[in-house]
Amino acid sequence: WDPFPTLRQMVRSAVPQIIIYTLLNILGWHVLPFRALPLVAPTIAELVGGVVACLVMADFLIYWEHYFMHRIPYLRHNIHSVHHSSLHPFSWEGGLVHPAEDLIVVACVATPAFLLQI
């Protein structure tokens, strides 16, 4: 067993995410309304509070996304199974997911910032 990933494994893990995140960023810039920067910067406490709130909310949403990916047989066998398909896991493989699951995870991470208007 070789604990080090091959170039093929690294490409398999990285390229789909690079494509999906790039496309979502381009889409976001063209579809979402532009919000002007505030005239006054937030205080350090406001900034830290907003970041912590976003992290807690995103973690909560991702927990439930992952829970349902395991609990619902169709999702587990047809979508989440991509995440568990690696025979030699390494750090980047945590992001090896089906494109549909990747979109759901991105929504889980982005939703708190939209809700809190950060």
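1. A patch is built from residues with over 30% relative accessible area and no salt bridge; like charges are joined within 9 Å, and nonpolar side chains (Val, Leu, Ile, Met, Phe, Trp, Tyr) within 5 Å. A salt bridge is a side-chain nitrogen of Lys or Arg within 4 Å of a carboxyl oxygen of Asp or Glu. Accessible areas come from the Shrake-Rupley method with a 1.4 Å probe, and for residues only the protein chains shown count as cover.

2. This is a predicted model: local features need pLDDT of at least 70, side-chain atom pairs count only at pLDDT 80 or more, and totals for chains, interfaces and linings use all residues. Residues are numbered from 1 along each chain as its sequence is written, and side-chain values use heavy atoms, with hydrogens and water left out.

3. Now the patch itself. Phe60, Leu61, Tyr63, Trp64, Tyr67, Phe68, Ile72 and Tyr74 make a nonpolar surface patch of about 800 Å². Helix α2 (residues 44-71) gives the most to it, with 6 residues. Helices are DSSP runs (H or I, at least four residues), numbered from the N terminus. Tyr63 sits in α2. Its relative accessible area is 49%, so Tyr63 is partly exposed. The cut-offs are: buried under 20%, exposed over 50%, partly exposed in between (1.4 Å probe, protein chains only).

4. Next, the length of α2. The expected span of a helix is 1.5 Å times one less than its number of residues. The 28 residues of α2 should therefore span 40 Å, and its end C-alpha atoms are 40 Å apart, which agrees.

5. What is buried in α2? Gly50, Cys54, Ala58, Glu65 and Met69 are. The buried residues of α2 pack against α3 (73-78) and α4 (99-116). Contact here means heavy atoms within 4.5 Å.

6. Helix α4 has a bend. It is about 30° at Ala110, and a proline, Pro112, follows within four residues. The bend is the angle between axes fitted to the seven residues ending there and the seven starting there. Pro112 is also one of the buried residues of α4, which include Val105, Val106 and Cys108. The buried residues of α4 pack against α1 and α2. Just after α4, Gln117 takes a positive phi of about 55°.

7. Last, α1. The 25 residues of α1 reach 35 Å from first C-alpha to last, close to the 36 Å expected. Gln9, Ser13 and Ile20 are its buried residues, and the buried residues of α1 pack against α4. Thr22 also lies in α1 (residues 7-31). Thr22 counts as partly exposed because its relative accessibility is 40%.

Methods. Helices (H or I, at least four residues) and strands (E, at least two) are DSSP runs, numbered from the N terminus.
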